[in-house]
Amino acid sequence: MTSPSKLRGATTGGVWPSAVHENWHERAVNDASVPQLWCYTDRISYAPGDVVAFHVSTTGGRVTLSLIRDGAVAATCHTMEIDGRFHETPDQASVTGCNWPVAATFTIPADWRSGGYLVQVEAAMADGTRLAHDHWFALRAGAGAGAGGGADRVGDILQIAATSTWAAYNDWGGSNHYEGICGPAHNESAPSVSLLRPWSRGFCRLPVGAPRTVLAQVPPLGAAPRYPHMEWAFANGYSKKYASAGWASYDRHFAIWAERAGYRADLATQHDLHLMPDLLDRYACAVIVGHDEYWSWEMRDAIDRFVERGGHLVRLAGNFLLQVRLADEGRTQICYQGKESDPLLGTADEQRFTGYWDDPRVGRPGVHTMGLTGFRGVYANVGMCTPRGSRGFTVYRPEHWAFAGSDLYYGDILGAESRIFGYEVDGLDYTFRHGLPFPSGEDPVPDGLEILAMGLPTNIEENHGHDPDLFFLGDEAVPIAARIYYGDASPENVAKVRHGSGMIATFRKGKGSVFNAASSDWVHGLMCRDTAVEIVTRNALGRALRAGKA
């Protein structure tokens with residue numbers, strides 16, 4: 001790896017910041033005496049026959065570049081040697097891209113399988129140490145090929161990697177949509193981020209056992225808030241945001257599970273949906289997993305059209321919340337996170353302002369696509385947001401086809417041991433009738449939506465007498481949600497949005513259907529081989545594949 005301690009020291013004046021609150025990050029240093037090795041590609045998605053351009057900067061010598069298909073069995077598909085060169089990096093590389101020259105190119109063979117590919121670079125430094133860095137790209141199925149490289153056929157799965165959320169959280173170079181080194185004082189987040197930069201350490205590859213955001217242990221009574229994933233990342237030189245987004249924490253685990261389970265699954269990215277919406281036409285079932293927070297208008301158009309025309313969406317993901325815009329053929333992502341500084345506010349294109357989907361100024365509620373929405377759910381089992389919560393979904397409709405063969409009963413907790421509920425979930429305003437949950441009518445949900453199971457998240461991180469500086473999430477989401485749903489952040493309206501819901505829901509839409517297990521950590525149940533979680537996942541996929549494309 002590139003030496004994180006040296007690089008952080010170079011960017012923070014040698015002061016080690018708090019693991020939780022400071023903006024600590026990886027970035028290249030324009031000093032050839034500092035050991036460094038980085039790599040990125042000219043796109044994040046390719047098809048067989050495409051040419052991949054690799055951009056590499058290192059203070060070492062010869063660089064070994066390996067392409068590894070990260071599937072059920074990791075397979076090194078190609079290795080090449082590159083002359084190492086050091087290139088200066090713009091201060092605002094997070095925003096502008098690194099602008100390094102092309103170090104090498106490679107034409108992807110026609111017979112390579114769709115999937116997630118690691119780009120591993122290694123180089124020896126002058127002092128004898130070796131550095132390594134991991135990048136990633138998706139390989140789509142080739143034109144005319146079905147899932148797994150076979151012939152065209154109905155019934156194959158397309159997994160859609162949540163790359164808009166990856167881009168929002170990637171802090172390589174110092175800035176993302178949350179924190180940053182932008183602005184006059186070098187302390188502001190970036191509303192515009194570039195994909196022409198490396199992925200931060202931990203986004204592409206992680207060691208087994210790296211902490212997840214959902215708490216592994218129930219904190220004892222009286223405990224102060226802790227965030228083990230950020231503490232571990234700080235101590236071990238990984239990105240502060242590794243557990244929030246990325247291939248390594250989320251998307252790869254479904255890809256590996258599906259391959260081992262015998263499914264023929266291709267891979268594409270959300271950016272592909274934006275640029276090539278017709279790629280869904282060959283598939284009966286689309287799958288989204290993990291942290292799925294950011295979408296563009298065009299991405300939503302593509303998935304809505306897919307379902308309405310007879311496709312089936314299986315969403316095993318949480319936190320459908322914010323709109324983004326893409327520029328530069330998808331290489332730049334823009335999101336002001338609802339801030340008034342978005343230049344589209346007050347214009348004829350105000351609907352495209354990068355705020356929350358449920359904001360009346362956007363006017364496209366999240367429930368129209370997913371049936372559930374982020375601000376009606378949000379945080380669970382992280383920090384002091386339901387720190388001793390159930391960690392699973394309480395089952396209310398065990399007779400539903402989604403639970404067939406699971407032996408789940410009314411009131412059982414699905415996925416508690418594997419901690420599938422959190423760290424961000426989606427829900428609805430709901431009511432109970434005769435012991436069963438129903439949409440309350442406050443949200444414009446699709447007709448026929450059924451709530452199968454649910455749990456309790458919160459929009460606020462409660463403080464029971466601890467130092468306020470210890471808290472990471474706090475209560476910032478509450479006034480935002482109150483203004484979006486009820487017009488202002490009065491105490492009465494804040495009370496309405498303080499508590500949320502996380503749900504599993506199903507509904508029909510047009511000729512197709514949506515199954516939404518709306519939790520970012522559902523995939524952890526697959527990682528842990530939780531029998532009930534696997535059965536529900538198989539039921540959702542199986543029903544979609546049996547139905548085929550209408």
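R315 stands opposite N516 in β25, and this pairing belongs to a predicted model, in which local features need pLDDT of at least 70, side-chain atom pairs count only at pLDDT 80 or more, and totals for chains, interfaces and linings use all residues. Residues are numbered from 1 along each chain as its sequence is written, and side-chain values use heavy atoms, with hydrogens and water left out. Helices (H or I, at least four residues) and strands (E, at least two) are DSSP runs numbered from the N terminus, and two strands count as paired if DSSP finds at least two bridges between them.

- Strand β14, residues 312-318, is mostly covered, since 7 of its 7 residues are buried, where buried means under 20% relative accessible area, exposed means over 50%, and partly exposed lies in between (1.4 Å probe, protein chains only).
- In a regular strand the side chains alternate between the two faces of the sheet.
- In β14 both faces are covered, with H312, V314, L316 and G318 buried on one side and L313, R315 and A317 buried on the other.
- Strand β12 (residues 285-291) runs parallel to β14 and is joined to it by 7 bridges, and the bridge partner of C285 in β14 is H312.
- β14 also pairs with β25 in the parallel sense, over 4 bridges.

- Strand β23 (residues 450-455) is joined to β24 by 5 bridges and the two run antiparallel, with G455 standing opposite G502 in β24.
- Strand β25 (residues 512-517) is joined to β24 by 6 bridges, again with an antiparallel course, and N516 in β25 is the bridge partner of A505.
- The hairpin of β24 and β25 has 2 residues between the strands, and G510 in this hairpin takes a positive phi near 60°.

- Strands of a sheet pair through backbone hydrogen bonds, either parallel or antiparallel.
- Strand β4 (residues 63-69) pairs with β5 in the antiparallel sense over 7 bridges, and R69 stands opposite A75 in β5.
- T64 has its place in strand β4, and its side chain is joined to that of E81 by a polar contact of 2.9 Å, a polar contact being a pair of N or O atoms within 3.5 Å, of which, within protein, one must be able to donate a hydrogen and the other to accept it, while residues adjacent in sequence count only if both atoms are side-chain atoms.
- Not counting residues up to four places away in sequence, T64 touches T79, M80, E81, Q120, V121 and E122, where contact means heavy atoms within 4.5 Å.

**A buried arginine in a loop**

- R27 lies in the loop between α1 (4-12) and β1 (37-41), and R27 is buried, with a relative accessible area of 14%.
- The side chains of R27 and D91 are joined by a polar contact of 2.9 Å.

**Helix α9**

- In helix α9 (residues 477-486), the buried residues are A477, V478, A481, A482, I484 and Y485, and they pack against β17 (373-380) and α10 (491-497).
- Just after α9, G487 takes a positive phi of about 95°.
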